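Me: I would like to work through this structure by question and answer. Please show it first.

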Amino acid sequence: MVESDSTSDRLHRMLIAELASAGCFRPAMLRCAAYGTFIVACYAAGYAALLTDPHLAVRVLAIAAIAFISVHAGFVAHEAGHGAITRDRRSAALVGQVFHTLLTGLSYSYFQHIHRLHHPHCNDRGRDPDMQSDFVSMYRESALSKTGVGGLISRYQAVLVWVLIGLQGLTLKIDGLRYLLHNPRSTRMDQLFVLLHLALWYVPPVLVLGLQDAVLNYSLMTMLIGFYVGTIFVVNHVGTQVIEPDEPISFFRRELSVTRNLGASRLHDFVFGGINNHIEHHLFPSMPTARLRSARRITRDFCRRHGVPYREMSWLEAAREVTRHFKAMSAFVS
């Protein structure tokens, strides 16, 4: 166990030095460029297939493929936002706007806003925006305050959360639009790319397929994005330690206590966009995604040598922990 903040800070510096010597902080521009090209090509192929008004099976496959690849576009934007692709802010912002706002329809500036609050305050019940919800309760105080619809959902959230995550794509888009309305001057780039996104999905599709099919395609894509994003992110932190406001805890200790890693295979890396290595991502946010796999092995061995808890499990094990936590919090709903 880590006995003090000074000890944990020293261990953190030692781990950084070990990872640096192994080249884990080196840029991965070629990999990122290839990944981005793959995403754009798959997105374009799926979009073109939909415009041919294909049979039902091909249509469903195309929508599912676009939803899948849209989430991966979000991974690229996420990496750009952390400065893991380029340190040039304008270039990083352009990558984020193209891969997040244009391709997925989710405001990049809004995502950056909430994500910048999440990382330094992960699982802090007073400051982490990901801990706040009007409908589900991730800590005791939240459950105790729930009334009305929020209280009803929180009471059965252990089951309902796995259904409601399908709405996450829609709620993120709506929250992003609200953010643009409240911050019109600082989000002009988002406004432009949101309009381009809507034009992409509602001008040619309506002209070729008709309004009903265009709306149906977009709605199904958004729902599938919600399920994919939800199943990835709900298992990263929920059910781990809840940090109390102003609780004295070092960065190193906090990130290890509130984050869990999922499967370690290359298939897991692909499906989860590399953030199955979530401990390493939170400890070193600016580390290129392509280096997280190597960093995970080094970090795991380092923690074992120094007796530091390190949580890794399968997605199903994590989902069970999440479900148990939501059920436990439900007991506090009045």
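Me: Is Glu 244 buried, partly exposed or exposed?
Reply: This is a predicted model, and every value here is computed from it. Buried means under 20% relative accessible area, and exposed means over 50%. Glu 244 has 33% relative accessibility, so Glu 244 counts as partly exposed.

Me: Where is Glu 244, and which residues does Glu 244 touch, leaving out those up to four places away in sequence?
Reply: Glu 244 sits in the loop between α12 and α13. Leave out residues up to four places away in sequence, and Glu 244 touches Asp 124 and Arg 125.

Me: How far apart in space are Glu 244 and Ala 290?
Reply: Along the sequence, 46 residues separate Glu 244 and Ala 290. In space, C-alpha to C-alpha, the distance is 33 Å.

Me: How many residues of α13 are buried, and what covers them?
Reply: Helix α13 covers residues 251-258 and is mostly covered, with 6 of its 8 residues buried. The buried ones are Phe 252, Arg 254, Glu 255, Leu 256, Ser 257 and Val 258. Their cover includes α1, α12, α15 and α16.

Me: Which residues of α5 are buried, and which helices do they pack against?
Reply: α5 is mostly covered, with 8 of its 11 residues buried. These are Tyr 108, Ser 109, Tyr 110, Phe 111, Gln 112, Ile 114, His 115 and His 118. The buried residues pack against α3, α4, α9, α10, α12 and α15.

Me: How do α5 and α9 cross?
Reply: Two packed helices are described by the angle between their axes and the distance between the axes. Helix α5 is residues 108-118 and helix α9 is residues 168-182; their axes come within 8 Å and cross at roughly 95°. Angles of 65 to 115 degrees count as roughly perpendicular. Therefore α5 is roughly perpendicular to α9.

Me: Which residues make the contact of α5 with α9, and what classes do they belong to?
Reply: From α5 come Ser 109, Tyr 110 and His 113. They meet Leu 172, Asp 175, Gly 176 and Tyr 179 in α9. By class, this contact has 3 nonpolar, 3 polar and 1 charged residues.

Me: At what angle do α4 and α5 pack, and what is that arrangement called?
Reply: Helix α4 is residues 89-104, and its axis lies 9 Å from that of α5. The angle between them is about 110°. That makes α4 roughly perpendicular to α5.

Me: Which residues join α4 to α5, and how do they divide by class?
Reply: α4 gives Ala 92, Ala 93, Gly 96, Gln 97, His 100 and Thr 101. α5 gives Tyr 108, Ser 109 and Phe 111. The residues of this contact divide into 4 nonpolar, 5 polar and no charged.

Me: Are Cys 32 and Cys 42 buried or partly exposed?
Reply: Cys 32 has 11% relative accessibility, so Cys 32 counts as buried. Cys 42 has 29%, so Cys 42 counts as partly exposed.

Me: What is the phi of Asn 123, and is Asn 123 buried or exposed?
Reply: Asn 123 lies in the loop between α5 and α6. Asn 123 is not a glycine, yet its phi is positive, at about 65°. With 3% relative accessibility, Asn 123 counts as buried.

Me: What about Asp 53: which phi, and where?
Reply: Asp 53 is partly exposed, with a relative accessible area of 48%. Asp 53 is not a glycine either, but has a positive phi of about 55°. Its place is the loop between α2 and α3.

Me: What radius of gyration does the protein have, and how does that fit a compact globule?
Reply: The protein has 17 helices and 0 strands. Its C-alpha trace spans about 65 × 55 × 40 Å along the principal axes. For 334 residues, a compact globule would have a radius of gyration near 20 Å. The protein agrees with that, at 21 Å.

Notes
Residues are numbered from 1 along each chain as its sequence is written. This is a predicted model: local features need pLDDT of at least 70, side-chain atom pairs count only at pLDDT 80 or more; totals for chains, interfaces and linings use all residues. Side-chain values use heavy atoms; hydrogens and water are left out. Axes are lines fitted to C-alpha atoms, for helices over the stretch in contact, and angles run from 0 to 180 degrees between N-to-C directions. Helices (H or I, at least four residues) and strands (E, at least two) are DSSP runs, numbered from the N terminus. Angles under 35 degrees count as roughly parallel, over 145 as roughly antiparallel, 65 to 115 as roughly perpendicular and the rest as oblique. Contact means heavy atoms within 4.5 Å. Ala, Val, Leu, Ile, Met, Phe, Trp, Tyr, Cys and Pro count as nonpolar, Asp, Glu, Lys and Arg as charged, and the others, Gly among them, as polar. Buried means under 20% relative accessible area, exposed over 50%, partly exposed in between (1.4 Å probe, protein chains only). The radius of gyration is taken over C-alpha atoms; the globule rule is 2.2 Å times the number of residues to the power 0.38.
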